Amino acid sequence: MFVPAFTYVALTANVLPRLRKSPTAGIFLDGVKQAAVALMAFVGFQFAREAVMTPLAAVIAVVSAVLVFRFKVNSAWGFWGARRLG
């Protein structure tokens, strides 16, 4: 699954810095980056929507989000706690 991405990065590592110097190519690469971020956000939203199907799952998701984003708790602890509940 990761081999195509790693191969792409390895093949373009020397070319991309030169492309960034071109105004047109730089704008294109910025657009590609923004599209990739939007796609990842959309897929993440779809995963979250499918994963949170019960009220208990919603409570776990909200508590986990508060712990991770507000109190900076390592997300691995949330996985450990969820495994203990299930």
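## Fold

Helices here are DSSP runs of H or I with at least four residues, and strands are runs of E with at least two. On that basis, this predicted model has five helices and zero strands. Read from the N terminus, the order of elements is α-α-α-α-α.

Helix H2 covers 16–21 and helix H3 covers 23–51.

## Surface

The chain has 86 residues, and 5% of them are buried. Buried means under 20% relative accessible area.

## Largest pocket

Rolling a probe the size of a water molecule over the atoms shows where empty space is left. The largest pocket comes out at about 260 Å³ in volume.

Its lining includes Tyr-8, Leu-16 and Arg-20. Leu-29, Val-32, Lys-33, Ala-36, Leu-39 and Met-40 also line the largest pocket. H2 and H3 each contribute at least two residues to this lining. H3 gives the largest share, with six residues. By class, the lining residues split into seven nonpolar and two charged, with no polar residue. Arg and Lys count as charged, and Arg-20 and Lys-33 are both in the lining.

## Aromatic and charge contacts

How many aromatic pairs does a search of the whole structure find? The search returns one aromatic pair.

There is also a charge placed over a ring. Arg-70 sits over the face of Phe-71. The distance to the ring centre is 5.3 Å. For Arg, the cut-off is CZ within 6 Å of the ring centre and within 35 degrees of the ring normal.

## Backbone at Lys-72

Most residues other than glycine have a negative phi. Lys-72 is not a glycine, yet its phi is positive, at about 60°.

Is Lys-72 buried or exposed? Lys-72 counts as exposed because its relative accessibility is 65%, and the exposed class starts over 50%.

How values were computed: Residues numbered from 1 in each chain as written. Predicted model: local features only at pLDDT ≥ 70, side-chain atom pairs only at ≥ 80, totals over all residues. Heavy atoms only, no water. Buried < 20%, exposed > 50% of the residue type's maximum accessible area, 1.4 Å probe, protein only. Phe/Tyr/Trp six-rings, centres within 6.5 Å; stacked < 30°, edge-to-face > 60°. 1 Å grid on protein atoms, 1.4 Å probe; cavity = no way out; pocket = protein on both sides within 12 Å on 5 of 7 lines; lining within 4 Å. Points joined across faces, edges and corners; volume = space filled by probe spheres on them.
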